[in-house]
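Good morning, everyone. Please have a look at the model on the screen while I take you through a few of its residues.

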Amino acid sequence: MDGLSGAASAIAVVDLSAKIASLCFQYLVAVKNAKEDIERLQGKVDGIKDIVGGIKQLLDGRDKTRLSVTYKLLDSLKDCLLLLEKLKIQLDPGKTRKVMSWFGVRALKWPFTSKEVKKIVGSLEKYEQTFSLALQVDLTDQNADLAKLPTAKGTSFDSHDEEHNARCLEETRVELRRHIIKWVEDPDGKCIFWLSGMAGTGKSTIARTVAQSFANWDVLGASFFFKRGEGDRGSATRFFTTIATQLISCMPELTPSIRKAIHADPAISEKALKDQFEKLVLYPLSGMKRASPHTTLVLVVVIDALDECEREEDIRAILQLLAQAKDVKPIRLRVFVTSRPELPIRLGFQQMAGAIYQDFLLHEIPKATVEHDISAFLTHELTRIRVDRRLPVDWPGEANIRVLTEMAIPLFIFAATFDKTYLPILDQLLVDQDETEKERLAKEFREVVGAIVVLASPLSVTSLANLLGIPEDEIAYRLDLLHSVLSVPANRATPVRLLHLSFRDFLLDPRKRGKSLFWIDKRDVHEMLANKCLELLSRSKHLKQDICDLQRPGTRRSKVDSKAVGHALPPDVQYACRYWVYRLEHSKTTICDGDRVHVFLYERLLYWLEALSLIGNVIESISMMDILQLILEAKGSTQLFNFLHDAKRFILKNRSIIEDAPLQLYSSALIFAPERSIVRDTFKDQIPRWICRHPKVQRDWSALLQTLEGHTGEVSAVAFSPDGQLVASASEDHTVRLWNSATGAARSTLEGHTRWVSAVAFSPDGWVSAVAFSPDGQLVSSASEDHTVRLWDPATGAARSTLEGHTGLVRAVAFSPDGQLMASASYDGTVRLWDSATGAARSTLKGHTNAVSAVTLSPDGQLVASASSDQTVRLWDSATGAARSTLKGHTGWLVASASYDSTLVASASYDSTVRLWDSATGAARSTPEGHRGGVRAVAFSPDGQLVASASYDSTVRLWDSETGAARSTLEGHRGGVRAVAFSPDGQLVASASEDHTVRLWESATGAARSTLKGHKGGLWDSATGAARSTLKGHTGWVRAVAFSPDGQLVASASDDETVRLWDSVTEALCRSVNVDEYITELSFSPNGLYLNSSKGRVNLSRTILDSLPLPQTIPSHNLFIKQEWVCDDSKDEILWLPPEFRVTAVAVWETLLVLGHSSGPLTFIKIDIT
């Protein structure tokens, strides 16, 4: 049905049902002898109204086309409407209204008999069933998508975990609660209320209380109670997905918008917090329709204990994103936040404008108010005890309550000491024991309770017993007297938790060292836990190949049921997998050759990585490898050092596929690793037997570390953040993406430009690539074909400002070294200088006679250099905008320029050259030559010794800036390279290409380097220049491959205008035929005398033909290529192809695959899945 007419019919049914229900109520008051009939009809009409109201909400959604059943209800809605209209006419008193005014409502007469009512209700029931079924089907369909959003359990104020935690008594916190209510009701109030207080001041109690009040008033949208050490409750990973899920429960009309976001990006829950917030919370709320122009819906989100979120970066990001609540319209969104006044949170709020939040400091409440509230609490609790225990009516007495109140006030206000609270509880453990026994009991306490307070995630008694190697009964016995400070559930499979973090602070307080038997040495506990974790993992039967019995090698992790993972990997094993390295790090111990760590990794590295994949933590293994290398003993640990280095390279190269399909660890990851990879050699026996013939690969790891895939268009710009931790890339897909340079993980996608994004920048030293961060890393600048420059916050991905003024495509941006000035270059022939703080235009530099394609500022900020298609580089005074000099010499369109200092400028041109200039004299110092295509970008290394150039010949070249001599050539991109940048420490080079990828390369300076060949992209080691072992011959893109009838020969055709014949067994080149044109299709003739091609017949020599049999039927095969996967005839994905092995042509003979690549070589792989 038409969405508009369907919604209109639904509205009419709802309105008419409401009117009929109102009429029934009038009859119910006035008529006594038909009460049962009236109530039956009224109830049925109310039911129709509610169900059709739900249908209207679905039809109002943005995703109406996916309502498979509801969308077909127009006829039924119209028929129901006709019935209701007839019913209203019969019920409408009409002429009797005048009589009613004289004699009152008693003059009404019920117009139907019981039999007629039964018939009407029966008709309405049919419509009700039709509408209900349609609504149920489509809601079920929608809920199936919503179920894909993972949530953190136990985070809402009314969850079972929070059920028995305290609320404020009616007569306590009265003024504060009144203050909070006023904040919510004030239409001009600030969008965030921050309740800050020290430990023990009752923040969570207040949060639960106000959340309950908001829920009672139907204004609570969501609540999230953080709790450190409780898995997802201590992390921001599931924060916004949980908030979104609760918002749907509160406002079902948000369902279509959130469902659409999930459908557009099924992996949204794994994306950056900024993306989750915008697509699951901000956009759906902003798209809500106001019920009427005069009403505003109020919605409150309660966030408790934000300081217990584990990562400071996440805390900062959450606060900056929540600040956008002020922009949500038409809903008045309010966010209530509680936390300790920790530094990251204070800084986060200080960065907000004062108009965004208001705060309240709990520990600064007047003493008289605190005294009143404590007295009320004690009176309430002690009265309950008196009643339960049947104590005298005068117990405990006002005098005793006053004494208890005075004792409690210091703890409540300052939380300065907990000795009086916790020592009496602990001392009871040692009553009537001699010194030896006290020491033994204290040691057992430190072992078990020490583990509980240090654990990064809580474990149950059962899991603790498995991890610590202590019997369950003994653990339970040791905790039996600690229920006052620990939550110890009767169910031993339920996690043991701290009742309050202050107990942890008390036990770990370094000032108690040597003074208390209960003091816990954190380092000792970390070392003990590290050893216990390794013992558990080393002996565990759970760590093995194919942990969850998936069997199919291409099975996606997202398809594995979480219950199956939980069964295969119990909580104690999951804990050990995630945290053993961190426990080792915090213990400050070292590792060495042949120790427990070395043995574990040597035997179980792949099993451990598979387990991390199944629990969604593979990415952490990269930082774990770094930690292990840092704690390695300096001497005598060569073997372990080499293993760790190789393992990190192995993980970096395969991270994405290990995360996506865990079993590819044993197939793709191993067979495509270098021949001399230690991990490959160690675990070669784990390679599945169905891979009968392995591909030829490079001998050693090259400098290629990672290929960052995700853009859907050509990548035109790339740069590092000042601290080297982020890489930004700009693309023709209209987006800017931020990546973690250490792990290659996507951090955020910045969306807002309406056309191709041509430049984006971070600038650490004043030198510029086509991508720029501000020097302090607090801003990212991007330029676009939409004539604008945008400034972004890299932490949250939020847009700061849009700079408008250019009348053509903006091709480049750059920051001055102090970050105060930003320059932009445009195809309108101008360079503009902007104030980066305010976005105000400073000046416009005019002089070029054609498009300006590059701009940079010198390290002292005094000089601006711009490059233009008018074949000149111009130097400008940044303060006055005056032209300094014009550098001429290029014979092609200039597209890039860079400046190391105020005296040296580099330029790049479509004439395939790079030029180095003396900015003072305008003279050319040198002209490095070697590129075979136009040079698209140049950049200086931070120390100025190297110049990197990117070219349309698909290479990056490194040059000596002093002499212009070539240092090395980085080859591997499958398309023209459009941008290049050095990391701040000069160790990495990033390049962006038309092949849709960003590649990171290891770089070295000083000595001459070799040429790196063989890969399509990633990070290359400029120190070793190791080459891949491949089938040499073709020098261009392989377009077609084919088998001879007997499968003994393979023919390949390439952009290098040759056809080559190979021996399929030895992989030796048999013959090369020059054809003088591109061939895109190739096959052997049935009689084997020639090759059929897209350009005609290619005859074969007699010597080649002698090896061919008589014509025969070519055997069927059951393998094919689908994107980056080798698939079998059942369409199951069985082998993932890394980026450098992606195919441009493929041929299959029975179980043998021959893959052609854009870089020229062929790859032979034999797979027998039977």
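I will speak about a histidine, then a threonine, and then the cysteines.

This is a predicted model, in which local features need pLDDT of at least 70 and side-chain atom pairs count only at pLDDT 80 or more, while totals for chains, interfaces and linings use all residues. Residues are numbered from 1 along each chain as its sequence is written, and side-chain values use heavy atoms, with hydrogens and water left out.

Let me begin with H598, which sits in helix α23, covering residues 596-614; helices here are DSSP runs of H or I with at least four residues, numbered from the N terminus. H598 counts as buried because its relative accessibility is 9%, where buried means under 20% relative accessible area, computed with a 1.4 Å probe on protein chains only. The side chain of H598 reaches the backbone nitrogen of G594 at 2.9 Å. Leaving aside residues up to four places away in sequence, H598 touches C592, D593, Q639 and L640, a contact being heavy atoms within 4.5 Å.

Turning to T405, we find this residue in helix α14, residues 398-414, and it is buried, with a relative accessible area of 2%. With residues up to four places away in sequence again not counted, T405 touches E371, I374, S375 and L378.

Finally, how many disulfides does a search of the whole structure find? The search finds zero, taking a disulfide as a pair of cysteine sulfur atoms within 2.5 Å. C533 is in no disulfide, and the nearest cysteine sulfur, that of C577, is 8.9 Å away. C533 counts as buried, at 0% relative accessibility, and C168 is buried too, with a relative accessible area of 14%.

How values were computed:
Helices (H or I, at least four residues) and strands (E, at least two) are DSSP runs, numbered from the N terminus. Buried means under 20% relative accessible area, exposed over 50%, partly exposed in between (1.4 Å probe, protein chains only). A polar contact is a pair of N or O atoms within 3.5 Å; within protein, one must be able to donate a hydrogen and the other to accept it, and residues adjacent in sequence count only if both atoms are side-chain atoms.
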